[in-house]
Amino acid sequence: MSAHQSYYQTTLPINMSAKSPYYNTPHHASYGQVSMSPPEVSGSATTSGMHSATSSSYAGSASGEYDSSGSSAAGSGVDLVELLNDRMTGTFDPLPLDRGLAKQAQTSGELNAKHRELMELQALAQRRLASTRANFADGMKAAKDVKKDLDWTQKRVSALKTKAERKYPKEYKTANNRYPAAVDY
């Protein structure tokens, strides 16, 4: 705590007459009411009746008399939140925003449905690709088996032909002249 303390008393606003003998100023509604009178200072903070500007409690800033929440407007009977709410209600039309939100929700739903449909089609394509690969692998295996069987048959026919040509050369020559071998293209 500091050695210098000052305590303030709040007073009611001063009623001022509309006409002053010293000043001729127009009277405005906002200037006619004073929300709070200036702070009173103790004798130790004044010098020959004048307020010291070095006082840390000037205008009630240190003692908490200044209220930024609108107590002066609340004291005059005006609710700022209600006033702003009334103005916003009058100027703001929520219908386009509601329509936009509804359209956004509808579009989002359609997008999600299409995404699910694409995922299902992708899964179906992957299943079909897997079955096609399996069928292709089976077909390749069957083709290799057929080629192996044909190679074995060709070797067996060539071996029998060679054996018949050695064992029966006269009959083989007669049959070869009568039925010539097919020409490979």
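Visitor: What separates Lys114 and Glu117 in helix H4?
Guide: About one helical turn, because Lys114 and Glu117 are three residues apart in helix H4. Helices (H or I, at least four residues) and strands (E, at least two) are DSSP runs, numbered from the N terminus. This is a predicted model, where local features need pLDDT of at least 70 and side-chain atom pairs pLDDT 80 or more, while totals for chains, interfaces and linings use all residues. Residues are numbered from 1 along each chain as its sequence is written, and side-chain values use heavy atoms, leaving out hydrogens and water.

Visitor: How many salt bridges are there?
Guide: Side chains of opposite charge can pair when their charged atoms come close. The rule asks for a side-chain nitrogen of Lys or Arg within 4 Å of a carboxyl oxygen of Asp or Glu. The count here is two. Lys114 pairs with Glu117, with closest N and O atoms 3.8 Å apart. Lys147 pairs with Asp151, at 3.4 Å between the closest N and O atoms. Lys147 and Asp151 also lie in helix H4, four residues apart, about one turn.

Visitor: Is Lys114 buried or exposed?
Guide: Buried means under 20% relative accessible area, exposed over 50%, partly exposed in between (1.4 Å probe, protein chains only). Lys114 is exposed, at 52%. Glu117 is partly exposed, at 39%. Lys147 is exposed at 52%, and Asp151 is partly exposed at 38%. Of the chain's 185 residues, 4% count as buried.

Visitor: What is the overall pattern along the sequence?
Guide: The chain has five helices and two strands. Their order is α-β-β-α-α-α-α. Helix H4 spans residues 94-167, and Leu97 lies in it.
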